[in-house]
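Thank you all for coming.

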Amino acid sequence: MNIAIIGAGWVGVTTGAVLAFLGNKVKGYDVNSKLISRLIEGNLSFYEPHLPELVREQLQADRLQFTSELRTALSNADVVFIAVGTPVAADGQTVDMRFVGDAAYNVGLNLQPGRFQVIVTKSTVPVGTNGWIESYIEQGLEEQGLSGRVDYAVASNPEFLREGMAIADTLYPDRIIAGSGDERALKALAELYRPIVDQTFEPPSFSPRPPGFKRAPLVRVDPATAELIKYAANSFLATKIAFINEMANICDLVGANVKDVALGIGLDHRIGGAFLNAGVGWGGSCFSKDLVALVREAEVYAYTPQLLKAVLEQNRWQRLVAVRKLQDVLKTLRGRRIGILGLAFKPETDDLRSAPALDIIRRLNELGCVVRAYDPVAVPRCRETHPDMPVTYGESVMEIADGADALILVTEWQDFVNADWQAIKSLMRTPVVIDGRNALDKQRLEGMGFVYRGVGI
Ligand code: UDX
């Protein structure tokens, strides 16, 4: 099929590259022409494992193109994806829908008659946005004098990709959600996703098919339900993490072990073992944003979602659990040299949006600590996006450990887990480790003479 993708960010580029890999002709467009120039050269503006290789391969095979001309991107497209950002608005509560509105209006300004086209929203948007998008497309069409003369339908197809796992999550999803009131749109999406549903493609070498993976069901729903499924999925996952973090805090009080609690409850197939790792709470671009947006959405209808609000509050509290543990061990924090291991909100990404490390660094600074940090990939982004962060950066774990009174592990990069902890200890002023992700071997570290504190273990 011929595909156009509006928005050349993480979702847009991943979707485009994977659809090209599956044999479609894909044209990616973005209003940011600098981004497009870089992509034409095969250069990405964010970190996602193996995506640069896939993009370059598909560019070379001529299945993937990037353009800063929207009309070029839309010409011949059977399916047009809107994959632009939906950040939190300046009020900190609502979703900033400007980019979606602009994209939809510009689609209307550039759509041409002659073929049926499906305009699909991949961006995470509040419930009811599908109709709103249609009204923007209509405005554009009216402006062109083509109102009523272009055959198109809108659909919602939310993404569930995890950063660092974007290619595998696209090729081997748990499900594909297709929401539309138009049967032809649903058919087009079913056709587009058939190779993924039936798993008929040859996996790329860097992303093998998980053992036993056979099919990815495509679930057909109405657009509002599709939009809510995305929010509900993220809210549920965030709730699961907040729940296990609450259990971890109780474990700390009563002397139980949260890893074993997670194992013990996770073996119940109704609960499941995934997303039960306790720690310093979730970060990232999605969970907080989507929960806040869903709370806001419910409040518009005079309903207060107590559970979701409590989940947000729990996560706010959890972020600073590592600092409280440090106070418990070191007592006075003023003047202490604290090393932060990990800045990104999780491993395999340089994304710092809503990253717990940033809150921890700010709090330690308020408490009078001298903070140094290291992350295998996120340091350049942190320098660029948070130039005022009260921290200095090191180039290795050893540099951060040198002279430190304590280390806090915030992101569970393998580099940290596999580091030479004996050598680290010999460099530290006092051998204190706060493991904010329960990623290190407690017994081994204690055996080496570290004062070790995990979260609920
Ligand atoms: C999430 C959703 O998983 C994905 O489906 C959606 O499309 C986008 O949002 P992502 O933000 O990339 O993906 O990260 P994810 O792997 O879900 O982790 C989110 C946060 O939760 C991270 O900060 C991670 O460290 C934390 N987390 C995750 C835990 O604290 N404990 C867990 O058990 C799992």
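Let me begin with a convention on handedness: a crossing is called left-handed if the near helix is turned anticlockwise from the far one by less than a right angle, and right-handed if it is turned clockwise. Please also keep in mind that what you see is a predicted model.

With that convention, H9 passes H10 in a right-handed crossing. Helix H9 covers residues 223-254, while H10 covers residues 258-266, and the two pack at an angle of about 135 degrees with their axes 9 Å apart. Since angles over 145 degrees would count as roughly antiparallel, this angle makes H9 oblique to H10. On the H9 side the contact is made by Phe243, Ile244, Met247, Ala248 and Cys251, and on the H10 side by Val258, Val261, Ala262 and Ile265. By class, that contact has nine nonpolar residues, with no polar and no charged ones.

The residues involved are Leu228, Lys230, Tyr231, Asn234, Ser235, Leu237, Ala238 and Ile241 of H9, together with Phe287, Asp290, Leu291, Ala293 and Leu294 of H11. This contact divides into nine nonpolar, two polar and two charged residues.

Now to another pair, H5 (residues 98-110) and H6 (residues 129-144), whose axes lie 6 Å apart at an angle of about 40 degrees. The two are therefore oblique to each other, and H5 passes H6 in a right-handed crossing. Among the residues that meet are Val100, Gly101, Ala104 and Tyr105 in H5, and Trp132, Ile133, Tyr136 and Ile137 in H6. Here the contact residues divide into nine nonpolar, six polar and one charged.

Finally, the ligand: which of the 20 residues around the ligand come nearest? They are Phe160, Glu163, Asn277, Gly283 and Lys346. For Phe160, a polar backbone atom is 2.9 Å from an oxygen atom of the ligand, and for Gly283 a polar backbone atom likewise lies 2.9 Å from a ligand oxygen.

Note on methods. Residues numbered from 1 in each chain as written. Predicted model: local features only at pLDDT ≥ 70, side-chain atom pairs only at ≥ 80, totals over all residues. Heavy atoms only, no water. Axes fitted to C-alpha atoms, helices over the stretch in contact; angles between N-to-C directions. Helix = DSSP H or I, 4+ residues; strand = E, 2+ residues; numbered from the N terminus. Contact = heavy atoms within 4.5 Å. Nonpolar A, V, L, I, M, F, W, Y, C, P; charged D, E, K, R; others polar. Parallel < 35°, antiparallel > 145°, perpendicular 65-115°, else oblique. Near = heavy atom within 4 Å. Polar contact = N/O pair within 3.5 Å; in protein donor to acceptor, adjacent residues only side chain to side chain.
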